[in-house]
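Subject: Structure handover

Hello,

My notes on charged side chains follow below it.

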Amino acid sequence: MKLAIHPIDLVIIILYLAGIVGLGVWAGTRRGRGGENGYFLAGKTLTWPIIGLALFSTNISTIHLVSLAQEGYVNGLAYGNFEWMAIFTLVALSLFFAPFYIRSRVATLPDFLEKRYNRACRDWLAVVSIISAVFIHIGFSLYTGAVVLRGLFGIDITLSIVGVAVLTGLYTTIGGLLAVVLTESIQTVILIAGAVAITLFGLADVGGWSGLVSSVDPVKLTILRPAGDPSGLPWYSVFLGYPVIGLWYWCADQTIVQRVLGAKDENHARVGPLFAGFLKILPVFIFVLPGLIGLALVNQGRIPQAPADSADIYAVLINTLLPVGIKGIVAAALLAALMSTVSGALNSIATLVSYDIWRRWKPGTSEKSLVRI
């Protein structure tokens, strides 16, 4: 289902894109002469609010928004487990991993692995991290994000991929990590504002919390599910399975952890992930719950026809609930989610290639040349 975009909404989207790219380019002029440290680690100047906002924004992509709403529509709040379980791994990052990284004075996680073990470990992790960032963080996000944008706005997939890549690559290349985290901080605010708008308008339309409860199966309002639940997420699978991949993603993935490595000091490196953990309380209510609200509206007859594809529920909610202007903010939030994920991955790949690949073979490379590379 395609969104009906009013000229006012279009102006908001264009202003957002111009503002984000402009902010990123401006950040490139504010890096000063920090050399590689200023480019790859933002001159070690990042404070905990910026780190927390950037961690949240890098994690959330466009497909994240649409698919969580879809799961809310189909399975209720069960998939909110993945968001709330992330809080525990962020606490682990804050309490255990961040202090080791900061005290080791490393720029990449492969560098830390060499200090802790040996050179072979560094080489393996560098290669694996680059491949995963290219194919998962960038490739998967660009393509699935483009598919979502085509479904919502009718934009050609190739045009969407090229456009987002060029705009994001522009400010990421010029500004380095400082540009990435500053833009991600703004994008987090836009992302949360747009998602909150859908939730509030949806609750108002469905008749408040009581109206929602009376219009859906009670089991859909529960997070912990028993064995055999249709969602396929019994409580024990979440508690035993998530930490395995969660510890890697939040505590050992260069794309995520690089924000912590650029912290001003150890205290900011530890508080930043805690702040991100606090923000991770929200997705259940602003990403998953809207899908459940959509189901309630369908059951109440307020949405005359259920979407043929459950993935369309997010577009249906935007078209049905939001007034002109607010719709543009939500559309900007969708773009923000995509651009923040891609920019974070681009910067981490640049850092890994420069430190762990190029300098590996040419250790005498100057700081200026390393930044240019």
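A search of the whole structure turns up 11 salt bridges. A salt bridge here is a side-chain nitrogen of Lys or Arg within 4 Å of a carboxyl oxygen of Asp or Glu.

Before the details, the ground rules. This is a predicted model, where local features need pLDDT of at least 70, side-chain atom pairs count only at pLDDT 80 or more, and totals for chains, interfaces and linings use all residues. Residues are numbered from 1 along each chain as its sequence is written, and side-chain values use heavy atoms, with hydrogens and water left out.

**The network**

Salt bridges link Asp111, Glu114, Arg119, Arg122, Asp123, Asp356 and Arg360 in a network. Side chains of opposite charge can pair when their charged atoms come close.

Start with Glu114. Its side chain meets that of Arg119 in a salt bridge, at 3.7 Å from N to O. Glu114 also forms a salt bridge with Arg122, where the closest N and O atoms are 2.7 Å apart.

Arg119 has a salt bridge with Asp123 as well, with the closest N and O atoms 3.2 Å apart. Asp123 and Arg119 both sit in helix H7 (residues 119-153), 4 residues apart, about one turn of the helix. Helices are DSSP runs of H or I, at least four residues long, numbered from the N terminus.

Now exposure. Buried means under 20% relative accessible area, exposed over 50%, and partly exposed in between, using a 1.4 Å probe and protein chains only. Glu114 counts as partly exposed because its relative accessibility is 24%. Arg119 is partly exposed at 24%. Asp123 is partly exposed, also with 24%. Arg122 has 9%, so Arg122 counts as buried.

**Arg259**

Which helix holds Arg259? Arg259 lies in H11 (residues 254-261). Arg259 counts as buried because its relative accessibility is 0%.

The side chains of Arg259 and Glu184 are joined by a polar contact of 3.2 Å. A polar contact is a pair of N or O atoms within 3.5 Å; within protein, one must be able to donate a hydrogen and the other to accept it, and residues adjacent in sequence count only if both atoms are side-chain atoms.

Regards

How values were computed:
Helices (H or I, at least four residues) and strands (E, at least two) are DSSP runs, numbered from the N terminus.
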